[in-house]
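Here are some exercises to work through with the model open beside you. Try each task before you read its solution.

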Amino acid sequence: MSITQENFQFIADLVRARSAIALAPGKEYLVESRLSKFARDEGVTVDQYVTRRRTAMSHSDTELIVEALTTNETSWFRDSQPFTALSGHILPALTQTRGTLGSLRIWSAACSTGQEPYSIAMTLKQYFAQSAYQPQAEILATDLSQQVIDQAMTGRYSQLEVNRGLPAANLVQYFDRRGTEWEISAELRAMVRFRRHNLLDPAPVGGPFDVVFLRNVLIYFDVPTKLKVLRTVHGALRPGGFLVLGAAETTVGLDDSWDRVTVGRSSIYQKAAITA
Amino acid sequence: MKAIVIDDSRTMRRIISSILKGVGYEVLEAGDGREALDILTENPDTDLCCIDWNMPVMDGLSFVIEVRASREWRNTTLMMVTTESERGQIVKALAAGAHEYLIKPFTPEAILQKLELLGLLPIEENA
Amino acid sequence: MTSGNTTLDGAGAEAGVTVDKEQILSIVQEVLSAMLDAGEVLVFESDPHGESDNDLYAWVDMHMVLPMGDLSARAVVRTEAATANVITQSLLMMDPSEEVSTEDLADAFGEIANVVGGNVKSLIDVPASLSLPSVSAVGSDALSGTFLQDIDLNWRGMPLNVSLWILTDATEWS
């Protein structure tokens with residue numbers, strides 16, 4: 001059952017308004033393929049799914065649809081802001097409150113194929129490059145899927161994957177070519193530990209953490225589950241620690257145990273320094 | 001914003017131009033480095049050049065070297081867009097002064113992500 | 001599916017130059033998914049299929065400088081004319097009803113061979129130059145030299161073949 005031109009245009013307009021991505025006619029198969037999982041969940045065709053959305057579209061529907069259509073595979077330094085916030089605000093703030101950082105523990109809680117934790121590692125490497133003191137930095141990277149964890153552990157990426165959001169200078173500095181693929185350096189690999197973990201379970205071993213990246217995963221949960229996950233993360237953070245969410249995500253209206261941190265348009269929150 | 005797409009393949013020029021125009025760029029095209037220098041001379045306000053490596057008359061690396069040698073064009077961002085993907089080639093291009101490097105084949109998103117990295121994406125992301 | 005490993009003969013082998021089927025597949029998947037299929041992988045290795053009556057060939061040559069002498073290799077993309085038309089219309093953003101000129105075809109289909117060949121060249125990783133692409137309906141124009149390796153593929157249900165050839169006889173070297 002093919003998507004109608006009207007419905008295709010509706011989706012294309014939506015995606016175009018929310019991202020720089022233009023879906024030209026001819027890309028109907030892409031819309032069908034990417035939205036099929038949502039349609040299936042509702043027991044309808046993609047065309048019917050879109051028709052329904054045209055009458056009643058929630059904010060979270062929009063997020064899910066745009067996310068599904070603008071993500072091929074995860075990219076490096078996704079959305080860029082969280083990483084500039086890491087080096088521009090978070091690390092300096094932690095240093096200010098705690099003095100020289102002897103250790104640094106970061107949890108990448110929906111790490112997928114590893115681009116996020118490795119991007120964090122690169123950011124840390126570059127931040128501390130000029131520093132007299134190098135903290136013992138550990139990045140715990142978890143995901144629900146063992147498959148992506150196994151993939152991430154290889155540290156190998158295709159040429160298409162390293163094209164996505166990775167500065168060329170980082171590519172030559174931190175990767176080696178292996179046949180048609182690129183492999184992340186041993187130095188960076190050593191900074192990241194991968195583990196399968198379900199966010200509905202208690203926090204993984206390795207905390208308390210200074211920073212938690214929990215990006216573009218809450219959008220898939222219902223409200224009670226969002227709250228549960230946020231509580232788990234809150235518990236796993238050190239006082240004064242930071243939570244980094246995805247671009248359009250927020251804890252506002254959901255969980256008031258966080259302080260919103262204004263860093264550009266980033267979604268960054270801080271656990272109060274003194275626990276209530 | 002203005003860009004010059006430099007590639008000896010009409011098809012590749014069309015692909016890249018279309019992506020750039022789609023985000024609001026005014027796009028000029030050149031089939032080799034020499035032609036591109038002429039266009040750049042007439043358009044010193046060019047923000048971005050997307051440059052293929054292997055071209056007749058003047059190749060992409062030579063173009064980068066020429067542009068970076070001149071103070072006139074120091075505000076123009078230079079991005080290689082090429083199949084040359086040996087690590088040594090990328091290092092060479094960056095050392096010659098290219099600001100970014102995109103390996104062919106690339107998806108439209110990949111080029112836009114590079115532009116975002118460079119601060120050259122005209123469309124404002126929605127908050 | 002076999003992962004045939006073929007070394008560029010003689011001196012090529014000594015230089016440690018190899019291209020196997022898996023790598024060619026990987027390259028073609030990246031090229032087609034990025035340039036034609038918006039990132040979806042819609043090309044896979046298929047059962048062998050021979051040449052048809054209306055095939056088109058697009059190829060690029062690589063001239064490599066190896067320690068023991070120069071070597072020329074060729075990467076050929078072969079598909080049915082109708083498929084090459086689909087590729088061309090997609091790359092040039094033409095309407096499916098628009099007519100595809102020979103020039104359009106040479107340009108667009110040639111560019112596919114250019115990007116595939118360019119990636120093969122980068123994989124081999126020796127100093128090398130890449131020729132401009134050529135397109136022809138005549139098989140013997142394209143398929144010359146010593147056969148090295150090929151892979152039969154299926155892209156969106158349409159047959160496609162990519163082959164590698166050595167143009168300079170390696171045994172001529174001392």
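**Exercise 1.** Find how many residues of chain C are in contact with chain A, and which helix gives the largest share.

*Solution.* Start with the count: 9 residues of chain C are in contact with 9 residues of chain A (C-beta atoms, placed from the backbone, within 7 Å). Next, look for the main contributor on the chain C side: helix 2 (residues 21-35) of chain C supplies the largest share, 5 residues. Helices here are DSSP runs of H or I with at least four residues, strands are E runs with at least two, and both are numbered from the N terminus. Finally, sort that side by class: 4 nonpolar, 3 polar and 2 charged (Ala, Val, Leu, Ile, Met, Phe, Trp, Tyr, Cys and Pro are nonpolar, Asp, Glu, Lys and Arg charged, the others, Gly among them, polar).

A word on the source: this is a predicted model, where local features need pLDDT of at least 70 and side-chain atom pairs pLDDT 80 or more, while totals for chains, interfaces and linings use all residues. Residues are numbered from 1 along each chain as its sequence is written, with chains lettered from A and ligands numbered from 1 in the order in which they are written.

**Exercise 2.** Work out which strands of chain C pair with strand 9 of chain C.

*Solution.* Pairing takes at least two DSSP bridges between two strands. Strand 5 (residues 69-80) of chain C runs antiparallel to strand 9 (residues 158-166) of chain C, with 7 bridges; here C:Val76 has C:Ser163 as its bridge partner. Strand 8 (residues 146-155) of chain C is also antiparallel to strand 9 of chain C, joined by 9 bridges, and C:Gln149 stands opposite C:Leu164.

Technical notes:
Two residues are in contact if their C-beta atoms, placed from the backbone, lie within 7 Å.
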